[in-house]
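Visitor: I would like to learn how to read charged side chains in a protein model. Please take me through an example.

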Amino acid sequence: MSTQRRAGAESKPDAIDAAELAEYHGLARLIERMHRRFLDVVRAGLLRQGIDDIGPVQALMVMLIGDDEPSVRDLMERGYYLGSNASYSLKILVEAGYIDRGASQRDRRTARLRLTDKGRALRDELFTLEQVQATALVRNEAEAADLKAAYRTLRRLDRIWGDMVRYAGQGLD
């Protein structure tokens, strides 16, 4: 970080320097590339299991549903799916037999989602795949600390970007 930064919670930081801006720019592009790469890893895992009736986005929706019975709206809010994309993916998952979609007992207008036995088996396989990936990433305490720091930074960036969208950049300074 810039040596010109002032300490204290109330002080306004100076503008970032060119190197920091380049790192921010690189991070934003890396996030995009990592998402695509992660979908490729999930796709490869599906193919190794002989699953070709759904794609990686639908597989991640299965993970998101998990043991819950969320509404379609809940799933969209948790996974940041767009309405038409979520509806399309859910249709594929229902047709392939991974989820059941039924009306809520409390509000018949609300669709609830539940994994079928096939969906639970897929979720378990994907969880195992995530465990293998995490084990490869975190081999010691230093790497565990790095992972925690990266997670905190990405969560903060997610919050900042979300606020920028919600509030059109107002009050971010």
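Visitor: With which side chain does the side chain of Arg123 make a polar contact?

Guide: A polar contact is a pair of N or O atoms within 3.5 Å; within protein, one must be able to donate a hydrogen and the other to accept it, and residues adjacent in sequence count only if both atoms are side-chain atoms. Here the partner of Arg123 is the side chain of Asp67, at 2.5 Å. This is a predicted model, where local features need pLDDT of at least 70, side-chain atom pairs count only at pLDDT 80 or more, and totals for chains, interfaces and linings use all residues. Residues are numbered from 1 along each chain as its sequence is written, and side-chain values use heavy atoms, with hydrogens and water left out.

Visitor: What is a salt bridge, and how many are there?

Guide: Side chains of opposite charge can pair when their charged atoms come close. The rule asks for a side-chain nitrogen of Lys or Arg within 4 Å of a carboxyl oxygen of Asp or Glu. The count by this rule is 11 salt bridges. One of them joins Asp67 and Arg123, whose closest N and O atoms are 2.5 Å apart. This pair links distant parts of the chain, 56 residues apart: Asp67 lies in the loop between helix H2 (56–65) and helix H3 (72–79), and Arg123 in helix H5. Helices (H or I, at least four residues) are DSSP runs, numbered from the N terminus. Helix H5 covers residues 117–137.

Visitor: Which residues are linked with Asp67 in a network of salt bridges?

Guide: Arg123 and Asp124 belong to that network with Asp67.

Visitor: Is Arg123 buried or exposed?

Guide: Buried means under 20% relative accessible area and exposed over 50%, with partly exposed in between (1.4 Å probe, protein chains only). Arg123 is buried because its relative accessible area is 15%. Asp67, at 67%, is exposed.

Visitor: Which residues does Arg123 touch?

Guide: Contact means heavy atoms within 4.5 Å. Not counting residues up to four places away in sequence, Arg123 touches Val62, Met63, Gly66, Asp67 and Leu115.

Visitor: What separates Glu95 and Lys91 in helix H4?

Guide: Glu95 and Lys91 are about one helical turn apart, because they are 4 residues apart in helix H4 (residues 83–95). They form a salt bridge, with the closest N and O atoms 3.8 Å apart. Both Glu95 and Lys91 are exposed.

Methods. Helix = DSSP H or I, 4+ residues; strand = E, 2+ residues; numbered from the N terminus.
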